[in-house]
Each structure stands twice: as C-alpha cells, then as structure tokens.
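Please read the points below with the model open beside you.

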Amino acid sequence: MDDPDELAPAVRSILSAARDRADAAAGAGEAVSVSPRDLSAAFERAEADGRVPVIAEVKPTSPTTEGSREDDPVALAEGMVAGGAAALSVLTEPEHFGGSVDTLERVRDAVDVPVLRKDFVVEEAQLDAVESDVVLLIARFVGDDLPDLLAAARDRGFQVLVEVHDREELERALDAGATTIGVNNRDLAELVVDLGTFESVAPHVPDDVTLIAESGIGSPADVRRMRAAGADALLVGSAIMDGDVAANTRELVRAEADEDEDADPRLDDTTDTTETPT
Ligand SMILES: O=P(O)(O)OC[C@@H](O)[C@@H](O)c1c[nH]c2ccccc12
C-alpha cells in the first residue's frame, strides 16, 4: 500500500458494516443506562496482589487470525478470570470478528470483572445495542465526532476507552477529555503489529491518564516491555485465545512476579480453571 494513511481493505469493510449496523440501530430502542464496574479499581486490585493488569479479549476470530474458535465464550471468559485477568474485552462485531451482543451479555452476567465492549462505534445509536462497563471509541474512525460520542457514552454511564495510534490522535483524545487511552500497536493501514508504536506515543501521555497498551503482546517479555514503556494495563487477544486461555492469561499476569522469582509459570498446574487468581 503506497499511502500509509489508507486503510486496509479488511478495515474498510469492517467500517462499512459498522455504518450499516448504525443505520439499522438509529431510532430503535431507548438509551441504555449503565452502572459500570470500575475499571481503574479493577486495575488497582490486580496491582495490589502482584498481577499485571490485563484485559483479556474474547475474540473468536479476526481479519488477521486463521480459523475461528468455537468454544463457549462464557467458558473462555471464566478461564481468563480464573487466570487472573483484571478485566475482559468482548468483541461484538459480528461479520469480521465472530462477536455478538448476546455473547457480551452472557459473559458480563457470568463474571464480576469489568467488561469492555469491543466494536466499531461510529454513531451514537450504536451505544444502545448493549450494556457494558466500558466502550471503545477509535479516534481514527470517529474523527471530529469524538467529543460528542464521548459525552454520549458518558451520559449513559459508560467508561470510555479511546484508542489512538499516533501523537496526532493522542492530542485529539486528550482535547476531547479522554481519561483512559489505549495505544494500538496494530497499524490499520497494513494490519501489522509493532510494539514500538506504544513506545513512541506513551511518553506524551500525561500521568493522570490510564494508559493501555493494545495488540501484539504475545509473551511475558512483551508484557515487561510495555510496562517499562509506561503501560498501566495491557489488552491481549490472540496470545490468550490461542490454546489454554487460563494458562495463557496466568503466564502474562505473572510476567513481573515471575521475573522476580525467576520461575517458570508453565511449571504450575495450569489446567484447573476453577482456581481463583492468586
Ligand atoms: O489479538 P491482539 O493482537 O492481542 O489484539 C487485541 C486487541 O488489541 C485487538 O483485538 C484490537 C485493538 N483494537 C481493536 C479495535 C477493534 C477490534 C479489535 C481491536
């Protein structure tokens, strides 16, 4: 792709599907009113017992994933919480990520951690599709509507995660009053991941913002790298969804504790998903 600002075809298709869903949602249903589970408090609880705050993502498939995972999303979510996830993210985009609003509702009923709704919200009416504790707004896709959508989401009680890729988007997010900001390491033009993206944007984020590193985090070393660059929390999908979700989550949330002990988390009993996080 010659123009780095141009979106990958998959991303364009995702956005046009999102706009169709927004049109269908317009004027339907009432505005939701959410009593959210506090995301910052969940991160603090994790820190207090030595877990790196991880938002684990239930993502059955994606444009960059081969195949799809057909397991019960509720069982996957429970495994992530058992593995120590501070919060969950659930895709509700149906056409490209295998998500659904129904899945999010079932997951949120089954767990007590905050749940982020992961979708491509471009119009206010989409906010009323389902209750969640946090909604995502992607600076690149909402453009000048960011302040209005942020206000509309907050009016409904949602906490808002604003996703950015570069400093220009970061400035827009800060101007709009975002207090929780995610830096996505996946570039939307080429869909490739570079952890250097977070490292280049993070130094410009004020300290009072809750800062989340998103995408491409695959190992305890990646976790430590993002934390060293200033991440308060991490959003991880593929690396957790690939295999035993409880064990995968546990390995990442323990990345700092294990380094201190120099222990191998894989030696732990990782098959018992009913265990509560330690
Ligand atoms: O699977 P990964 O590389 O761990 O990434 C998770 C998450 O960051 C990614 O799914 C994501 C980040 N921003 C998004 C916006 C929409 C859909 C998905 C995403």
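1. The largest nonpolar core has 80 residues, and those with the most contacts inside it are Val54, Ile55, Ala85, Leu88, Leu137 and Leu234. Bear in mind that this is a predicted model. In soluble globular proteins, nonpolar side chains tend to be buried together.

2. On the overall fold, the protein chain has 13 helices and 8 strands. Its radius of gyration is 18 Å, close to the 19 Å that the globule rule gives for 278 residues, so the chain is as compact as a globular protein of that length. The C-alpha trace spans about 50 × 35 × 35 Å along its principal axes. Of the 278 residues, 44% are buried. When contacts between residues at least 6 apart in sequence are taken, 69% of them join residues at least 24 apart.

3. Strand S4 (residues 134–138) is mostly covered, with 5 of its 5 residues buried. In a regular strand the side chains alternate between the two faces of the sheet. In S4, Val134, Leu136 and Ile138 point one way while Val135 and Leu137 point the other way, and all are buried. Leu137 is also one of the residues with the most contacts inside the largest nonpolar core.

4. Which strands does S4 pair with? Strand S3 (residues 115–118) is joined to S4 by 2 bridges, and the two run parallel. The bridge partner of Leu116 in S4 is Val134. S4 also pairs with S5 in the parallel sense, over 5 bridges. There, Ile138 stands opposite Glu163 in S5.

5. For helix H8 (residues 167–175), the buried residues are Glu169, Leu170 and Ala173. These cover an arc of only 105° around the axis, which puts them on the same side of H8. An α-helix has 3.6 residues a turn, so residues three or four places apart point the same way. The cover over the buried residues of H8 includes helix H6 (139–142), strand S5 (159–164), strand S6 (180–184) and helix H9 (196–201). The face turned away from that buried side carries the exposed residues Glu168 and Asp175. Just after H8, Gly177 takes a positive phi of about 95°.

6. Strand S7 (residues 210–214) has 4 of its 5 residues buried, so it is largely enclosed by the rest of the structure. S7 pairs with S6 in the parallel sense over 5 bridges, and Val183 stands opposite Ala213 in S7. S7 is also joined to strand S8 (residues 233–236) by 3 bridges, again running parallel. The bridge partner of Ala213 in S8 is Leu234, a residue already listed among those with the most contacts inside the largest nonpolar core.

7. S6, H9 and S7 make a right-handed β-α-β unit. S7, helix H10 (residues 220–228) and S8 likewise make a right-handed β-α-β unit.

8. Most residues other than glycine have a negative phi, and most peptide bonds are trans. Leu191, in the loop between S6 and H9, has a positive phi of about 65° although it is not a glycine. Ser215, in the loop between S7 and H10, has a positive phi of about 75° and is not a glycine either.

9. Ser215 has 25 C-beta neighbours inside 10 Å and so counts as buried.

10. A last point concerns Glu251, which is placed in helix H12 (residues 245–253). With 23 C-beta neighbours inside 10 Å, Glu251 counts as buried; the cut-off for that class is 20 or more. The C-alpha atom of Glu251 is separated by 8.2 Å from that of Gly83, a residue 168 residues apart from it along the chain.

Technical notes
Residues are numbered from 1 along each chain as its sequence is written. This is a predicted model: local features need pLDDT of at least 70, side-chain atom pairs count only at pLDDT 80 or more; totals for chains, interfaces and linings use all residues. A residue is buried if 20 or more other C-beta atoms lie within 10 Å of its own, exposed if 12 or fewer, and partly exposed in between; C-beta atoms are placed from the backbone. The arc is that of the directions from the helix axis to the C-beta atoms. Two residues are in contact if their C-beta atoms, placed from the backbone, lie within 7 Å. The radius of gyration is taken over C-alpha atoms; the globule rule is 2.2 Å times the number of residues to the power 0.38. Two strands pair if DSSP finds at least two bridges between them. A crossover is right-handed if, with the strands pointing away from the viewer, the path from the first strand over the helix to the second runs clockwise. A nonpolar core is a set of buried Ala, Val, Leu, Ile, Met, Phe, Trp, Tyr and Cys residues joined through C-beta atoms within 7 Å.
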